[in-house]
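Student: I would like to learn how to read a structure with two chains. Please take me through it.

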Amino acid sequence: MASNLLEFEAPISELRAKIEELRHCVDDDTLNISREIEQLETKLHKLTESTYGKLTPWQVTQVARHPERPHAVDYLEQVFDDFEELHGDRAFRDDPAIIGGMARLSGRAVMVIAQEKGRTTQDKVRRNFGMPRPEGYRKALRLMQMAERFHLPLITLIDTPGAYPGIDAEERGQAEAIARNLEVMAGLKTPIVSIVIGEGGSGGALAIGVCDRLIMLEYSIYSVISPEGCAAILWKEAAHADLAAEAMAVNATALHEIGLVDHIVTEPLGGAHRDPEAAAESIRAALNAQFDQLRGLQTDDLVDRRYQKLMGFGRFEGV
Amino acid sequence: MNWLDRLLPSKIRTDQGSKRSVPGGVWEKCGGCGAVLYQPDMVRNMSVCPKCGHHDRIGARDRLTKFLDPDSGVELGAEVRPVDFLKFKDSRRYKERLTKTQKSTGEVDALVVMEGMLKGRPLVTCAFEFSFMGGSMGSVVGERFALAGQRALEQHVPFICFSASGGARMQEALMSLMQLAKTSAVLGRLRAAGIPYISVLTDPTTGGVSASLAMLGDINLAEPRALIGFAGPRVIEQTVRETLPEGFQRSEFLLEHGTVDQIVDRREMRDRVAKLLDLLLDRPAA
């Protein structure tokens with residue numbers, strides 16, 4: 001686990017190690033030890049709380065990318081029931097960076113489209129680290145339109161560093177694939193709720209993220225370019241990613257303040273990976289709450305409101 | 001210049017004090033073939049090299065006035081101006097960058113919208129100003145584009161866009177990304193209403209602008225040899241760690257791969273767009 005330790009978590013992990021040490025310590029004075037353990041655990045809880053209470057945008061970025069953070073495959077299992085995966089774009093191939101299919105959310109049938117980064121090395125390579133190619137976006141498009149035809153609400157789980165910037169992706173029209181999804185999602189005649197579960201990497205994320213309601217997990221990020229990419233261009237040094245993360249306001253709380261995010265799902269103390277089941281439970285509750293609000297709307301009204309929401313994006317003078 | 005010099009006919013004037021006997025900018029080198037070209041000739045030729053056909057980048061306002069019938073263009077959305085709502089600061093403040101760029105380009109932001117006539121056909125058109133922060137799309141570009149689309153929708157006239165952009169504007173962060181959705185949503189409404197949208201991709205069109213409004217034309221046109229793609233060539237090279245093939249992400253490459261319908265020479269743009277619209281709307285040939 002030590003290799004997955006984030007820098008700012010060092011004091012927490014030291015304390016945790018100390019507690020473990022005491023637990024395994026064989027001593028006559030059991031009572032004293034257990035009392036000390038208790039004290040240390042209270043201290044650990046407080047320290048974790050205070051550390052996570054004031055994470056910088058860059059630290060949030062690190063939690064959002066944490067190697068143990070639950071992925072789409074985990075939530076597909078824990079948030080939904082009866083998931084049936086559907087494969088392929090019907091034109092070129094199946095892209096494992098995007099998973100799609102039908103499932104039940106608290107009993108109701110829904111269409112789910114999700115980005116998956118992969119867990120093991122082999123799986124990561126197969127899923128291209130969650131960077132979809134055009135065929136992935138076209139598979140998503142096919143499923144979106146199917147959701148519309150069968151009146152299934154659409155849920156998208158966002159977790160990608162971005163759309164794949166490769167030669168083959170360009171050849172097959174990466175830009176067009178993303179653009180098409182934006183246009184279709186904007187007018188799709190079924191409710192759409194998107195949730196950023198980890199990393200929302202630019203156009204590659206938005207291509208499955210045009211929605212009626214945008215939810216972000218507390219320690220997820222969403223940005224127009226990765227902090228490293230932004231730093232490389234504007235600061236001429238990727239090492240200034242912390243400054244870029246701060247300046248771009250990539251974290252959920254900052255984006256909620258600007259009005260781009262509708263709802264934030266609170267994560268278990270120390271991040272979703274500390275208690276994936278609790279995180280899944282919160283996600284299910286949040287999704288249900290959003291759909292409860294959307295269900296009363298007539299389809300035309302729903303699509304019109306979405307359009308007005310999109311038209312309202314922007315800060316400028318004049319008009 | 002003193003009063004005596006002013007009285008003298010220009011041929012008798014001495015060149016005293018003027019270091020610019022051949023003022024800068026009269027001659028320029030072609031970016032394609034390297035030929036030395038007389039600048040007024042280039043202006044007459046719409047900044048296309050008469051020797052090799054290289055299409056030099058041109059400004060948004062210049063492009064629109066040349067595309068529309070003389071004196072027919074009326075600007076829309078000029079009142080929409082940028083604000084630094086994030087107080088974004090890297091090595092310089094966004095606010096300072098805006099002021100400086102506004103001064104150097106004479107534009108308020110990176111998109112100019114006009115309503116006007118093309119060979120007598122009413123339409124709405126817009127063009128990106130690449131020299132304004134790389135033609136990047138932030139709130140103002142998105143709002144002006146949306147206004148343009150809405151106008152075309154209300155007037156039931158075609159909408160033509162000339163793109164030239166590096167993508168979304170980082171200084172407006174996620175709000176810039178949302179402009180991709182906003183502009184695409186407007187185009188969805190045009191499509192549903194059966195109003196033609198022609199996207200003309202010019203050098204360069206990459207990133208968020210290519211991944212939204214630029215690729216959504218009923219017809220996508222490109223100027224010759226324009227760089228067009230989602231990711232920039234440098235990013236791709238760093239990702240795949242190999243040298244990119246010759247001509248990769250150029251207009252001709254996109255034509256071959258099925259992304260654009262035609263490659264059109266700038267000097268023929270007016271004729272071609274008018275003809276395409278007439279066919280699309282089944283109007284009698286001019």
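The dialogue below turns to a sheet and then to an interface.

Tutor: This is a predicted model, in which local features need pLDDT of at least 70 and side-chain atom pairs count only at pLDDT 80 or more, while totals for chains, interfaces and linings use all residues. Residues are numbered from 1 along each chain as its sequence is written, chains are lettered from A and ligands numbered from 1 in the order in which they are written, and side-chain values use heavy atoms, with hydrogens and water left out.

Student: In which order do the seven strands of the open sheet in chain B lie?

Tutor: Strands of a sheet pair through backbone hydrogen bonds, either parallel or antiparallel. Here the order is E3-E5-E6-E7-E8-E9-E10 in chain B, with mixed pairing. Strands are DSSP runs (E, at least two residues), numbered from the N terminus, and two of them pair if DSSP finds at least two bridges between them. At the edges, strand E3 (74-76) and strand E10 (262-263) of chain B each pair on one side only.

Student: How many bridges link strands E5 and E6 of chain B?

Tutor: Eight bridges link E5 (residues 111-118) and E6 (residues 121-128) of chain B, in the antiparallel sense. Within this pair, B:Glu115 is opposite B:Val124.

Student: What area is buried between chain B and chain A?

Tutor: The size of an interface is often given as the accessible area lost when the parts come together. The probe is 1.4 Å, and the loss is summed over both parts. Between chain B and chain A about 4400 Å² is buried, 73% of it from carbon and sulfur atoms. B:Met170, B:Leu174 and B:Phe230 supply 16% of the area that chain B buries against chain A, more than any other three residues.

Definitions and conventions:
Helix = DSSP H or I, 4+ residues; strand = E, 2+ residues; numbered from the N terminus. Buried area = accessible area lost by both parts, 1.4 Å probe.
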